[in-house]
Amino acid sequence: MFNHGTRNLLLTPFLIWAGLFIFIPLVCIVWYGITDYDENFSLINMGLIFERGYLDALKLSIWLALISTVICLLLSYPLCLILTERQRDNSTIISLLFILPLWMNSLLSTMAWQTILEGNGIINQILRLFGLPALQMINTEGAIVLGMVYNFLPYMVLPLYITLTKIDKRILEAARDLGANSWQTFVRVILPLSLPGAISGITMVFIPALTTFVISALLGGGKLLLIGNIIEQEFTFQYDWHVGCALSVILMIFIVLNMILTTYFDKSHEEEDF
Amino acid sequence: MNKLKIFALLLVSLLAFGAAGCGGVGDKDKQVVYVYSWGDYVDPEVLRIFEKETGIHVILDEFDTNESMYPRVAEGAVHYDVICPSDYMVQKLINNDLIQPLDFTKLENAKKYIGEEFFKQAETFDPGNKYSVPYCWGTVGIVYDKTKVTDPVDSWNILWNEKYAGQILMQDSARDAMMIPLKLMGKSLNETDKDVLAEAQAMLKKQKPLVQAYVIDEVKEKLINSEASMGVVFSGDAVIITAQNPNMDFAIPKEGTNVWIDGWVITKDAQNVENAHKFIDFMCRPDIAVKNFDYLGYSTPNTAVYDLEEDEAVKNSPIAFPSPEVYKNQETYKYLNNQMDEYYNNLWMQVKVD
């Protein structure tokens, strides 16, 4: 479309942007992560993950992120299937309902969950109205998972919805003609064909859920620390950039691992096709 | 500042953007003062009056803990002129050469109206009173719901009472959290013995299942809404909570507490030293101090405020105007040293991670 010179010229703004705000900060993080206070190479800060109970926080983060990803996936599939089958007018309204929360600041909507789940919150007030015992919901792992699912569900719905709409209706008709029931059509045809969408959805939910510190801070009451909270506190309260960066690098390793896994699945699936 | 070296490129570009964003050349003549203070710690009307009277524009930024304020000042990313840290943080700033001695010839109101006993108490962290002017002071105690807490609230012990599991709010800051078990053990809140500190940490870990949440500013809202039965609260917040929720009362445990003092200081690299002095002295003027006092609820070291205060209920409030016995023999936080600071923070982190 463009000749070589124009292409380079058009690419320059992004390269400058990426260099200044992605590459240099990344180098800084790794640099701080693998040095000590005297700027000598050292892995001592990385090793801290095995002390101070930080490993437990990392495990908890991975566990909660996994649960939320699975819940998002289970919620999204039926919804997206219904959306693709519905008339166009209806589906616009439903999908709008799912995108609408994205227009609101996630900090505010998470704070709203606080007032819903609190001891004297909306749910407990309704329970009390019917003479039922109050539930302890806020400051639990369940509350954090709920916050993650609420905040990140649209990121699962959107890619999944797009891949599902791209599936040729004639393939589904062919499956039915050949005698497959609904369940078989779903497992043998829709699922494999929608896998790329599901995989990008998984990545887009899992990574922010793994790194979040706002949701766990607001809905965990400061009692449940995820790895994101620890990194945040290392920077703000402890004023220890080396430890904070070392932990960030470790977290990045997990994110890269996640991406390698998902692209591997993506690839192996593509090979099946041909 | 070797740290900053690798950021050089980033900073240069940011500064270039910053300079471009700072408006026209005409602004050069405009008088400003950059203030960095606690969230909601100055009556906004006071700032308007200051700007009107002096023509100095106040640019106010806010922080929520001493620990989060320090890195920003130390890194010098933003050049603040005036900051309002607490006692031990004033000392840390002095020790690390980040603030400058004040010129008291420019602080007539401070000399005249700030009570002598407060300057004396401030000597524990600012020897010779060279660097800071006390702005607010107070204690830490327990706000509790009279209708739900049936036991007498006179000891920090009640925070370990299993009867109130899930109803207890604790402060989410290393020094304030550690202070409580240390006082229960009859130790100093500036303890540096690692065995004693480990014991205090163990007590906090044991308490954790009973705690509803570790909070900072949210404590006010939660207690006003009766979300918990008791919470560890700064005396100024206690004034506001007890005023808005009549079920709540405030008690200072018999084992002792932290008498804290927040003071105004001027940074070492302040660009507007003259204006900074004007701002601090303005804050000490009696009519202004009363406005801030009414707005904040925090006790003031300003001796003129009691006579100017019109609300009799506030005047008689033992929380707002405590009798001198309250702070007699009480300790104030001292800055220990960088290693000890880090040690405290780590102990506290482990309680939260546990």
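In this predicted model, chain B holds an open sheet of five strands with mixed pairing, ordered S8-S7-S9-S6-S10. The edge positions go to S8 (211-215) and S10 (248-251) of chain B; each has a single partner strand, so one side of each is left without a neighbour in the sheet. Going from one strand to the next, the twist averages 30°.

**A strand with several partners**

Now over to strand S11 of chain B, which covers residues 260-267.

| Partner strand | Sense | Bridges to S11(B) | One facing pair |
|---|---|---|---|
| S3(B), residues 82-83 | antiparallel | two | Val82(B) and Ile266(B) |
| S4(B), residues 99-100 | antiparallel | two | Gln100(B) and Ile266(B) |
| S5(B), residues 133-138 | antiparallel | five | Trp137(B) and Ile261(B) |

Is S11(B) enclosed or open? Eight of its eight residues are buried, so the strand is largely enclosed by the rest of the structure. That holds for both faces: Trp260(B), Asp262(B), Trp264(B) and Ile266(B) point one way, Ile261(B), Gly263(B), Val265(B) and Thr267(B) point the other way, and all are buried.

Leaving out residues up to four places away in sequence, Trp264(B) touches Val82(B), Cys84(B), Ser132(B), Val133(B), Tyr135(B), Ile280(B) and Met283(B). As for Ala320(B), it is 56 residues from Trp264(B) along the chain, and their C-alpha atoms are separated by 20 Å.

**Two crossing helices**

Helix H7 (residues 174-184) and helix H15 (residues 338-353) of chain B have axes that come within 9 Å and cross at roughly 80°. The two helices are therefore roughly perpendicular to each other. On the H7(B) side, the contact uses Ala174(B), Arg175(B), Ala177(B) and Met178(B); on the H15(B) side, it uses Tyr344(B), Asn345(B), Leu347(B) and Trp348(B). By class, this contact has six nonpolar residues, one polar and one charged.

**Domains of chain B**

Zooming out, chain B splits into domain 1 (29-137 + 260-322) and domain 2 (140-258 + 335-353). Their C-alpha centres lie 26 Å apart. Domain 1 puts 17 residues into the contact and domain 2 puts in eleven. Within the domain 1 side, helix H4 (residues 87-95) of chain B gives the largest share, four residues. That side of domain 1 comes out as eight nonpolar, seven polar and two charged residues.

**Where chain A meets chain B**

How many residues of each chain are in contact across the two chains? Chain A contributes 24 residues and chain B 30. On the chain A side, the elements giving two or more residues are helices H1 (4-33), H3 (54-85) and H11 (227-236) of chain A. H1(A) supplies the largest share, four residues. Sorted by class, the chain A side has nine nonpolar, ten polar and five charged residues.

Methods
Residues are numbered from 1 along each chain as its sequence is written. Chains are lettered from A and ligands numbered from 1 in the order in which they are written. This is a predicted model: local features need pLDDT of at least 70, side-chain atom pairs count only at pLDDT 80 or more; totals for chains, interfaces and linings use all residues. Two strands pair if DSSP finds at least two bridges between them. Axes are lines fitted to C-alpha atoms, for helices over the stretch in contact, and angles run from 0 to 180 degrees between N-to-C directions. Angles under 35 degrees count as roughly parallel, over 145 as roughly antiparallel, 65 to 115 as roughly perpendicular and the rest as oblique. Two residues are in contact if their C-beta atoms, placed from the backbone, lie within 7 Å. Ala, Val, Leu, Ile, Met, Phe, Trp, Tyr, Cys and Pro count as nonpolar, Asp, Glu, Lys and Arg as charged, and the others, Gly among them, as polar. Domain bounds come from an automatic or database domain assignment. A residue is buried if 20 or more other C-beta atoms lie within 10 Å of its own, exposed if 12 or fewer, and partly exposed in between; C-beta atoms are placed from the backbone.
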